[in-house]
Amino acid sequence: MTNDPTPVTPTAFPFSVAEGVAPREREPAPYQGVPGPGFVNWRVRFPMFDFLQVSELLTAEEREIGRAARKFLEAECLPHINRWWENAEFPTHLIRKFGEMGFLGPTIPTEYGGLGASAASYGLVAYELERIDSGLRSFCSVQSSLVMYPIYAFGSEEQKREYLPKLATGEYVGCFGLTESDGGSDPDGNMKTRARRDGDFYRLSGSKMWITNGNLAQIAVIWAKDDEGVVRGFIVPTDTPGFKANKIQHKISLRASVTSELVLEDVRVPASAMLPGVQGLKGPLSCLTQARYGIAWGALGALEAVYTEALEYAKSRTTFGSSIASRQLVQEKLVRMASDHTKGLLLAWRLAQLKDAGKLKPAQVSLGKRDNVRAALNGARAAREILGGSGITLEYHSIRHMLNLETVDTYEGTHDIHTLILGREFTGENALGESPKKEAVGSRG
Ligand code: TGC
Ligand code: FAD
């Protein structure tokens, strides 16, 4: 790993706004050097920003997984992502390739089709995906952490053998239905979806809102309350009669991702579809811990993307006789981005160590998700500002990242919910409030 001081050649943008025509798709210009100090050259087109050389703390295998992911995503996704985002299109043709690259369930053991990779490897995959677009990372987060993880951690051996290999290759896409329309922050208090026992079957009724991959999925992991009012997870094939997915339109964030409402009208599944290994809210919350961990890494990928774009732009943009990079106000913004990225990477790396050691606590993950996502969002807003008027167009990437990160700041627990989780952890006082008293569904007839 060497730092090469050769000046950077500006990236070729996917299309020119001035042309006023549909995006022209081109290969980005070959990478000529590193944008400046703090970039570590992984011998790919763009080097990773890594000011404190955290990559030296990674194993050779972890670095190789990150390097391969970056090379693949640079070639297959970066030249097209602004068009996909503008057209609200998810690249379904890449799902199988994501499987081949090991992006789907990388930490799942090899006997079930995963890579058996470390937590840092999973984090680096999330980082590289989100460096291109939060929607691509979302797709893989849901598949890996919210669908494969619960089947692996709480499923029967039969469920694991039936679903995990297909999910790892991308033959099957999964989605995760926890949130309902009455308030996602309090999934227990607001859960109206019911699973009523009917002999050897369950009948599921209710609806789920804001479900990533909903219209792409062959299976849905649905969280519902049973006759005793206890939260249980069910693997529901989406072609089961009574199951319907409605795509949510007009999103101004995470446009290169499919988000859906799920409607379940008396959906009948065998009792063997229930995840036997967990009950209560800790089932879905354990999945969220996995996904939030990945987001703590992923957000830094987006932060690197906007920092690099703003830095290159600032160096090449001249006002009042010199580059805007020479101005103190611009430098302050760039330094804040670089500083937040550096601290965030150390935080993410430490979470990975704790995770592999089996010592990671949910509140520690809340810190990583909360702080790294907000740092990335603030960085994207600052990058957009440095880009001036050009920054509001899809000729550049920062505004897309900024709009995406508004969602990332909200899903998987809003910024404020994570503040309150941490407040509860540090003070011992619960400022979240109490969910309404749980009642047995069966008693209502
Ligand atoms: P609380 O009393 O705190 O806990 C209930 C039980 O769960 C356990 N637990 C956890 N276990 C694992 N991981 C966690 N993060 C956990 N948090 C809590 C806890 O120990 C307890 O276990 P037990 O054995 O004692 O029963 O429950 P609460 O009702 O007070 O929870 C409050 C709160 C705020 C923590 C929780 O409701 C919450 O996290 N709300 C936010 C909801 C959320 O994040 N939803 C995300 C939906 S999925 C999504 O957004 C996907 S986006 C995907 C993408 O595209 O990337
Ligand atoms: P609410 O819970 O209604 O919160 C509204 C506001 O009130 C927020 O600012 C919140 O911070 C604040 N608030 C709430 N409670 C408190 C409190 N006690 N104290 C102070 N402030 C509070 N869910 C899934 O299950 N699966 C998915 O795949 C999925 N994908 C998503 C994809 C997208 C694009 C989006 C936007 C959401 C997705 N979600 C998914 C849902 C997401 O997790 C929820 O939007 C999120 O948990 C917040 O819930 P809510 O939108 O209902 O907001």
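**Entry 1, helix H5.** I looked up helix H5 (residues 134–154) in this predicted model and found a bend of about 35° at Met 148, with a proline, Pro 150, following within four residues. I took the bend as the angle between axes fitted to the seven residues ending at a residue and the seven starting there; helices are DSSP runs of H or I of at least four residues and strands runs of E of at least two, numbered from the N terminus. At the N-terminal end, Asp 133 caps H5, with a side-chain oxygen 2.8 Å from the backbone nitrogen of Gly 135. I noted that 18 of the 21 residues of H5 are buried, so the helix is largely enclosed by the rest of the structure; buried means under 20% relative accessible area (1.4 Å probe, protein chains only).

I counted 20 residues around ligand 2, the closest being Thr 179, Gly 184, Ser 185, Trp 210 and Thr 414; a residue is near if one of its heavy atoms lies within 4 Å. Strand S5 (201–212), helix H10 (398–410) and helix H11 (415–427) each supply at least two residues of this shell. Domain 2 (174–273) and domain 3 (282–427) both contribute to the shell, so ligand 2 lies between them; the bounds come from an automatic or database domain assignment.

I found a polar side-chain atom of Thr 414 at 2.7 Å from an oxygen atom of ligand 2. A polar side-chain atom of Thr 212 lies 2.9 Å from a nitrogen atom of ligand 2.

Residues are numbered from 1 along each chain as its sequence is written, and chains are lettered from A and ligands numbered from 1 in the order in which they are written. Local features need pLDDT of at least 70, side-chain atom pairs count only at pLDDT 80 or more, and totals for chains, interfaces and linings use all residues, while side-chain values use heavy atoms, with hydrogens and water left out.

Conventions:
A polar contact is a pair of N or O atoms within 3.5 Å; within protein, one must be able to donate a hydrogen and the other to accept it, and residues adjacent in sequence count only if both atoms are side-chain atoms. Buried means under 20% relative accessible area, exposed over 50%, partly exposed in between (1.4 Å probe, protein chains only).
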